[in-house]
Amino acid sequence: MSQNTIATAGAVARLIQEFNRLPGIGPKSAQRITYYLLRANSEQAQQLAEAILSLKQQIKLCTVCFNVTDADLCTVCRNDQRDRSKICIVEQPQDILAIEHTGVYHGLYHVLHGAISPTEGIGTGDIRIRELMARLQGSPVTEVILATNTNLEGEQTALYLSGLITPLGIRVTRLARGLPFGTELEYADDMTLTRAFEGRQQLD
Amino acid sequence: MSQPRNYQTEAIIIKKTKLGEADRILTLYTPHMGKIQAVAKGVRRPKSKMAGHLELLTHSLVSMARGRNLATVTGSQTINSFLPLKTDLARSACALYVTELVDQFTPEHTEDTPLFQLLLASLERLCQDNNKDLVLRYFELQLLNKAGYRPQLQECTACHRPLEPVSNFFSAGAGGMLCPGCREQQSFAYPISVNALKVLRLLQNSDYATASRLRMTALLAAEVEDIVRGYLKYLLEREVKSAAWLDSLRQQLRRDNPSSSQGGTAPAPQGTAQT
């Protein structure tokens with residue numbers, strides 16, 4: 001932004017307003033960041049601006065699994081080493097990062113970009129279910145792993161998908177729902193405890 | 001407000017919206033404070049002790065601390081988690097429809113214990129009863145009674161004469177029935193069969209034990225549903241969002257096994273049976 005803009009206060013106010021719209025940034029944080037950038041060298045501001053622009057210009061969704069990518073296919077779909085007989089269904093791209101971090105899963109993914117939420121008016125047509133079903137048609141996939149969230153919306157989505165996929169003769173599994181690591185049993189809710197009992201395993 | 005700083009109440013969680021990184025704003029329906037909103041901090045973190053007790057469609061004992069604006073949830077303990085609702089797609093769709101209607105029809109901070117009881121009973125019925133549509137219709141009519149929109153089903157809303165047992169008309173704008181002679185007074189009045197009117201009256205006036213003995217043909221059930229849905233939509237001046245989901249699930253069910261009767265209502269020979 002040019003240094004000799006007369007309405008400097010206007011430019012400051014505008015940037016504060018823009019930052020304020022970001023998740024997790026309140027009016028005070030927005031002010032702090034704006035005044036920091038005002039004092040910082042223009043190189044830094046330039047880098048930030050370019051990073052934001054390239055995010056919107058270069059990043060798109062993978063044509064197969066709808067993960068974020070800068071090419072037609074995301075890094076997972078491009079990788080020959082991945083097990084193509086398994087697809088793991090997640091609600092959002094961030095979930096893939098969490099699963100990849102564990103390193104236990106080597107199959108492919110499918111990002112729904114949401115979950116069925118009747119009260120918010122999000123139905124089956126609003127998330128990428130149709131694309132998933134098209135992808136499964138005639139594919140070598142033998143197992144679909146439902147890794148939607150364990151809240152009501154995620155459960156509904158999982159139930160709905162299993163109703164659609166099971167008739168295709170593909171094995172449908174759901175991530176185990178039980179006690180999270182590092183918690184105390186006494187605070188567990190009924191649903192979690194019930195699941196934990198159903199899914200109990202023998203210690204060898 | 002004369003509420004103490006910290007208080008505890010029974011509540012059914014009817015709505016939730018995300019707030020910030022790990023918090024939620026919950027809408028709770030309580031027996032003595034009516035509908036209230038409260039912030040539940042940290043419930044979107046996996047290790048939250050409260051999260052499981054504050055999921056949608058859960059009946060919990062909730063501790064809260066009064067705040068400047070919204071109350072903050074400080075603890076919660078499940079009373080009934082309605083497990084069947086959460087493991088069955090159709091049941092949970094019905095339950096979400098019920099809670100959305102409660103949310104839409106109630107103002108905040110207005111005590112309505114009978115409505116709380118109705119909501120609780122309806123969720124329990126949805127867990128057990130196989131006639132989910134009847135549970136919904138009964139809930140809708142009773143909700144209208146309690147919310148002050150009880151439709152006039154006994155006499156014509158225009159000429160106030162008792163209705164003859166012929167095909168009369170229902171008008172959402174008139175708030176009830178119109179006889180054939182008066183139907184012209186409202187531009188939108190839909191014909192309603194004698195049996196459908198009988199069903200509506202029964203749902204409006206009897207207890208659930210009586211209403212649950214009602215048997216309807218698929219056609220009659222659909223007629224009753226259309227009339228009530230139309231009336232609710234007119235009152236709310238918008239679509240009930242979860243109704244669309246309910247419909248799409250039902251369509252799919254019908255596509256999968258075309259032989260089953262619509263809506264799960266047991267087919268009866270003709271019209272309403274004796275109740």
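Domain bounds, as used in the first view, come from an automatic or database domain assignment. The structure shown in every view is a predicted model.

**View 1. The two assigned domains of chain B.** In chain B, the assignment gives domain 1 as residues 6-80 and domain 2 as residues 129-264. The C-alpha centres of domain 1 and domain 2 of chain B are 34 Å apart.

**View 2. The crossing of helices α5 and α7 in chain B.** Two packed helices are described by the angle between their axes and the distance between the axes. In chain B, helix α5 covers residues 194-205 and helix α7 covers residues 218-236. Their axes come within 10 Å and cross at roughly 65 degrees. The crossing of α5(B) with α7(B) is right-handed.

**View 3. The residues that join α5(B) to α7(B).** From α5(B), the contact includes B:Asn195, B:Ala196, B:Val199 and B:Leu200. These meet B:Leu220, B:Glu223, B:Val224 and B:Ile227 of α7(B). By class, this contact of α5(B) with α7(B) has six nonpolar residues, one polar residue and one charged residue.

**View 4. The contact between chain A and chain B.** Chain A provides 23 residues to this contact, and chain B provides 25 residues. On the side of chain A that touches chain B, helices α7 (152-165) and α8 (190-198) of chain A each supply at least two residues. Helix α7(A) gives the most to that side, with five residues. By class, the side of chain A that touches chain B has eight nonpolar, eleven polar and four charged residues.

Definitions and conventions: Residues numbered from 1 in each chain as written. Chains lettered and ligands numbered in written order. Predicted model: local features only at pLDDT ≥ 70, side-chain atom pairs only at ≥ 80, totals over all residues. Axes fitted to C-alpha atoms, helices over the stretch in contact; angles between N-to-C directions. Helix = DSSP H or I, 4+ residues; strand = E, 2+ residues; numbered from the N terminus. Left-handed = near helix turned anticlockwise from the far one by under 90°. Contact = placed C-beta atoms within 7 Å. Nonpolar A, V, L, I, M, F, W, Y, C, P; charged D, E, K, R; others polar.
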